[in-house]
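Let's walk through this model together, starting with the overall fold and ending at a single residue.

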Amino acid sequence: MKTDSAIVSAFTPTGQLRASINLGNPILAGRDAQGNPAGVSVDLAHAFADRLGVPLELIVLESAGRSVEIVSEDKADIGFFAIDPLRAADIAFTAAYIHIEGAYLVREASAIHSLEAVDQEGIRVTVGKGSAYDLFLSRELKRAEITRAPTSPTVVETFLSEQTDVAAGVRQQLEADASRHSGLRLIPGSFMTIRQAMGVPRSRGTDAVAYLAAFVEEMKSSGFIQDAMNRHGIKGAAVAPLERLAS
């Protein structure tokens with residue numbers, strides 16, 4: 001995969017690659033025992049910086065919404081996001097590299113036992129502000145009311161403190177939270193499949209977008225992403241299928 005100087009310049013206007021890392025999705029990133037950012041997205045950021053032959057700066061943020069803003073405002077050069085049409089106005093996405101399930105969590109005593117039963121009058125659903133689940137459910141739910149936690153990792157805490165009816169988010173995050181609190185259960189099935197991708201500001205040009213897209217396909221086909229998932233103990237997500245790139 002040839003890298004010319006114009007491509008490097010497109011990704012590094014400050015002389016280094018600034019990667020926006022969202023800690024709000026445990027499938028992608030978290031902190032290691034020393035408190036340093038670690039995870040699949042961090043590994044991909046390092047690999048891409050190595051490919052470009054430039055230093056890497058990690059811009060570590062607690063929410064998807066803020067991570068999107070940083071890249072949209074050209075304050076970061078790449079980011080790791082769920083693909084969503086609203087975000088695509090300012091950010092060009094690659095194809096997905098990981099698929100993640102979105103799930104619902106309720107109290108044991110809840111009368112809600114199916115995905116379809118969530119969208120009812122009087123039901124309040126808590127999501128992480130600006131997350132892929134927020135964007136998706138804001139379009140899809142017609143009768144239920146959406147309430148917003150500050151970040152995706154605080155969804156269950158907000159659901160419990162504000163006595164809402166449903167918590168929505170990454171299945172793995174909800175499962176982990178349910179294990180720490182008694183009297184909670186997940187509803188079977190998933191309400192959406194999140195297509196997690198890399199993104200670059202559209203202002204960087206079509207050549208940069210194509211280069212990043214090709215990088216993601218190589219990381220999938222080489223086994224890099226699966227190896228990273230294994231290394232970080234990621235369960236319940238899958239490497240996305242390969243995509244045919246425009247020639």
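Eight helices and 13 strands make up the secondary structure of the chain; helices (H or I, at least four residues) and strands (E, at least two) are DSSP runs, numbered from the N terminus. The radius of gyration is 18 Å, close to the 18 Å from the globule rule for 247 residues, so the chain is as compact as a globular protein of that length. That radius is taken over C-alpha atoms, and the rule is 2.2 Å times the number of residues to the power 0.38.

A word on the ground rules: this is a predicted model, where local features need pLDDT of at least 70 and side-chain atom pairs count only at pLDDT 80 or more, while totals for chains, interfaces and linings use all residues. Residues are numbered from 1 along each chain as its sequence is written, and side-chain values use heavy atoms, with hydrogens and water left out.

Along the principal axes, the C-alpha atoms fill a box of roughly 60 × 35 × 30 Å. Of the 247 residues, 51% count as buried, meaning under 20% relative accessible area (1.4 Å probe, protein chains only). Among contacts (heavy atoms within 4.5 Å) between residues at least 6 apart in sequence, 72% join residues at least 24 apart.

Now zoom in on Ser-152, in the loop between β9 (145-149) and α5 (155-161). Ser-152 is buried, with a relative accessible area of 17%. Leaving aside residues up to four places away in sequence, Ser-152 touches Gly-24, Gly-128 and Ser-131.

Key:
Buried means under 20% relative accessible area, exposed over 50%, partly exposed in between (1.4 Å probe, protein chains only).
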